[in-house]
Amino acid sequence: MTISRSNPDGLHVTPGYHHVTIVPAGRTAYLAGQCPLGPGGVLVGPGDFGAQVDQVAANTMIALGSVGTGPEHVVRTVIYVVSADRDVLAEVWRRFQASSLAPAFTSASTLLGVAQLGFPDQLVELDVTAALPM
(Lines give C-alpha, C1' and ligand atoms only; values in the text may rest on other atoms or scores of the structure.)
Protein backbone atom coordinates (compact mmCIF):
# COMPACT_ATOMS: atom_id res chain seq x y z
CA MET A 1 0.00 0.00 0.00
CA THR A 2 1.31 3.39 -0.95
CA ILE A 3 0.28 6.40 1.12
CA SER A 4 1.18 9.66 -0.60
CA ARG A 5 1.41 13.01 1.11
CA SER A 6 1.76 16.43 -0.50
CA ASN A 7 1.78 20.14 0.09
CA PRO A 8 0.24 21.75 -3.01
CA ASP A 9 1.74 24.93 -4.42
CA GLY A 10 -0.18 27.96 -3.23
CA LEU A 11 -0.69 26.67 0.34
CA HIS A 12 1.39 27.72 3.36
CA VAL A 13 4.49 25.81 4.45
CA THR A 14 3.73 23.43 7.31
CA PRO A 15 5.75 22.52 10.42
CA GLY A 16 6.01 18.85 9.47
CA TYR A 17 2.54 17.71 8.45
CA HIS A 18 1.13 17.59 4.90
CA HIS A 19 -1.98 19.34 3.63
CA VAL A 20 -3.12 16.32 1.59
CA THR A 21 -2.87 12.59 2.26
CA ILE A 22 -4.00 10.10 -0.38
CA VAL A 23 -4.66 6.42 0.30
CA PRO A 24 -5.74 3.83 -2.25
CA ALA A 25 -9.13 2.30 -1.47
CA GLY A 26 -8.87 -0.33 1.23
CA ARG A 27 -9.44 -0.96 4.90
CA THR A 28 -9.19 1.82 7.47
CA ALA A 29 -9.15 1.94 11.25
CA TYR A 30 -10.82 4.77 13.14
CA LEU A 31 -9.54 4.97 16.69
CA ALA A 32 -11.68 6.35 19.47
CA GLY A 33 -10.23 9.54 20.91
CA GLN A 34 -7.15 8.41 22.80
CA CYS A 35 -7.11 9.86 26.31
CA PRO A 36 -4.36 10.07 28.95
CA LEU A 37 -5.72 7.17 30.98
CA GLY A 38 -3.52 4.39 32.30
CA PRO A 39 -4.49 0.70 32.03
CA GLY A 40 -6.53 0.96 35.23
CA GLY A 41 -8.62 3.81 33.82
CA VAL A 42 -7.03 6.48 36.02
CA LEU A 43 -6.01 9.82 34.50
CA VAL A 44 -2.23 10.16 34.16
CA GLY A 45 -0.52 13.49 34.89
CA PRO A 46 -3.23 15.87 36.13
CA GLY A 47 -2.04 19.38 35.24
CA ASP A 48 0.95 18.01 33.26
CA PHE A 49 0.65 18.39 29.47
CA GLY A 50 3.86 16.42 28.85
CA ALA A 51 2.83 13.41 30.94
CA GLN A 52 -0.56 13.37 29.26
CA VAL A 53 0.93 13.54 25.75
CA ASP A 54 3.23 10.64 26.64
CA GLN A 55 0.30 8.52 27.86
CA VAL A 56 -1.84 9.39 24.83
CA ALA A 57 1.05 8.45 22.50
CA ALA A 58 1.57 5.14 24.35
CA ASN A 59 -2.15 4.33 24.24
CA THR A 60 -2.31 5.16 20.54
CA MET A 61 0.65 2.88 19.78
CA ILE A 62 -1.15 0.03 21.59
CA ALA A 63 -4.39 0.68 19.68
CA LEU A 64 -2.57 0.80 16.33
CA GLY A 65 -0.62 -2.36 17.15
CA SER A 66 -3.85 -4.17 17.99
CA VAL A 67 -4.89 -3.88 14.32
CA GLY A 68 -1.47 -4.75 12.92
CA THR A 69 -0.35 -1.28 11.99
CA GLY A 70 1.83 1.54 13.24
CA PRO A 71 2.18 5.31 13.09
CA GLU A 72 3.54 5.18 9.53
CA HIS A 73 0.06 4.15 8.33
CA VAL A 74 -1.79 7.00 10.04
CA VAL A 75 -3.50 9.22 7.48
CA ARG A 76 -5.25 11.77 9.71
CA THR A 77 -4.82 13.13 13.24
CA VAL A 78 -6.65 15.71 15.30
CA ILE A 79 -5.01 16.82 18.56
CA TYR A 80 -7.26 18.46 21.16
CA VAL A 81 -5.57 20.52 23.88
CA VAL A 82 -7.30 22.31 26.76
CA SER A 83 -5.54 25.63 26.28
CA ALA A 84 -5.75 28.83 24.27
CA ASP A 85 -2.03 29.51 24.84
CA ARG A 86 -0.06 29.17 21.59
CA ASP A 87 3.09 28.21 23.50
CA VAL A 88 1.26 25.31 25.17
CA LEU A 89 -0.19 24.18 21.84
CA ALA A 90 3.27 24.32 20.23
CA GLU A 91 4.80 22.36 23.11
CA VAL A 92 2.17 19.62 22.80
CA TRP A 93 2.91 19.43 19.04
CA ARG A 94 6.67 19.20 19.72
CA ARG A 95 6.16 16.52 22.38
CA PHE A 96 4.13 14.37 19.97
CA GLN A 97 6.81 14.95 17.31
CA ALA A 98 9.44 13.64 19.74
CA SER A 99 7.42 10.50 20.62
CA SER A 100 7.38 7.05 19.02
CA LEU A 101 4.14 8.17 17.38
CA ALA A 102 5.92 10.97 15.43
CA PRO A 103 5.48 9.43 11.93
CA ALA A 104 1.70 9.75 12.39
CA PHE A 105 1.97 13.53 12.29
CA THR A 106 3.45 13.71 8.79
CA SER A 107 -0.05 13.14 7.39
CA ALA A 108 -2.98 15.51 7.42
CA SER A 109 -3.01 16.87 10.99
CA THR A 110 -5.01 19.40 12.96
CA LEU A 111 -4.15 20.94 16.34
CA LEU A 112 -6.99 22.54 18.29
CA GLY A 113 -7.22 24.48 21.54
CA VAL A 114 -10.49 23.60 23.25
CA ALA A 115 -12.34 24.63 26.42
CA GLN A 116 -12.80 21.18 27.95
CA LEU A 117 -12.43 17.44 27.33
CA GLY A 118 -14.38 14.48 28.67
CA PHE A 119 -12.52 13.54 31.86
CA PRO A 120 -11.87 15.84 34.83
CA ASP A 121 -8.31 17.27 34.57
CA GLN A 122 -7.86 15.87 31.04
CA LEU A 123 -5.68 18.22 28.98
CA VAL A 124 -4.99 16.25 25.76
CA GLU A 125 -6.85 13.89 23.42
CA LEU A 126 -5.91 12.45 20.04
CA ASP A 127 -8.20 11.36 17.20
CA VAL A 128 -6.53 9.01 14.67
CA THR A 129 -7.45 7.41 11.35
CA ALA A 130 -5.10 4.79 9.85
CA ALA A 131 -4.99 2.96 6.53
CA LEU A 132 -4.50 -0.74 7.27
CA PRO A 133 -1.88 -2.65 5.28
CA MET A 134 -3.38 -5.08 2.81
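Good morning. I begin with a definition: helix axes are lines fitted to C-alpha atoms over the stretch in contact, and the angle between two of them runs from 0 to 180 degrees between their N-to-C directions. The model I shall discuss is a predicted one.

H1 and H2 pack with their axes 10 Å apart, at an angle of about 40°. That angle makes H1 oblique to H2. Their crossing is right-handed. On the H1 side, the contact is made by Phe-49, Gly-50, Ala-51, Val-53, Asp-54, Val-56 and Ala-57. From H2, the residues taking part are Val-88, Val-92, Arg-95 and Phe-96.

As a general matter, nonpolar side chains in soluble globular proteins tend to be buried together. Here the largest nonpolar core has 25 residues, and those touching the most other members are Leu-64, Ile-79, Phe-96, Leu-101, Phe-105 and Leu-126. At least two residues of this core come from each of the following: strand E3 (28–34), helix H1 (49–66), strand E4 (74–81), helix H2 (86–97) and strand E6 (124–131).

Which residues does Ile-79 contact, leaving aside neighbours within four places in sequence? They are Val-92, Trp-93, Phe-96, Phe-105, Thr-110, Leu-111, Leu-112, Glu-125 and Leu-126.

Helix H1 also contains Thr-60. Is Thr-60 buried or exposed? Thr-60 has a relative accessible area of 0%, and is therefore buried. Not counting residues up to four places away in sequence, Thr-60 touches Leu-31, Gln-34, Leu-101, Leu-126 and Val-128.

Finally, the aromatic residues. The structure holds 3 aromatic pairs. One of them joins Tyr-17 and Trp-93 edge-to-face, at 6.2 Å centre to centre and with 85° between the planes. Tyr-17 lies in the loop between strand E1 (4–6) and strand E2 (20–22), while Trp-93 belongs to helix H2, so this pair ties together parts that are 76 residues apart in sequence. Both Tyr-17 and Trp-93 are buried.

Trp-93 also forms an edge-to-face pair with Phe-105, where the centres are 5.7 Å apart and the planes stand at 70°. This pair links distant parts of the chain, 12 residues apart: Trp-93 in helix H2, and Phe-105 in the loop between H2 and strand E5 (108–113). Like Trp-93, Phe-105 is buried.

Taken together, Tyr-17, Trp-93, Phe-96 and Phe-105 form one aromatic cluster. Let me close by returning to Phe-96: this member of the cluster also takes part in the contact between H1 and H2. Thank you.

Notes: Residues numbered from 1 in each chain as written. Predicted model: local features only at pLDDT ≥ 70, side-chain atom pairs only at ≥ 80, totals over all residues. Heavy atoms only, no water. Core = buried A, V, L, I, M, F, W, Y, C linked by side-chain atoms within 4.5 Å. Buried < 20%, exposed > 50% of the residue type's maximum accessible area, 1.4 Å probe, protein only. Helix = DSSP H or I, 4+ residues; strand = E, 2+ residues; numbered from the N terminus. Contact = heavy atoms within 4.5 Å. Phe/Tyr/Trp six-rings, centres within 6.5 Å; stacked < 30°, edge-to-face > 60°. Parallel < 35°, antiparallel > 145°, perpendicular 65-115°, else oblique. Left-handed = near helix turned anticlockwise from the far one by under 90°.
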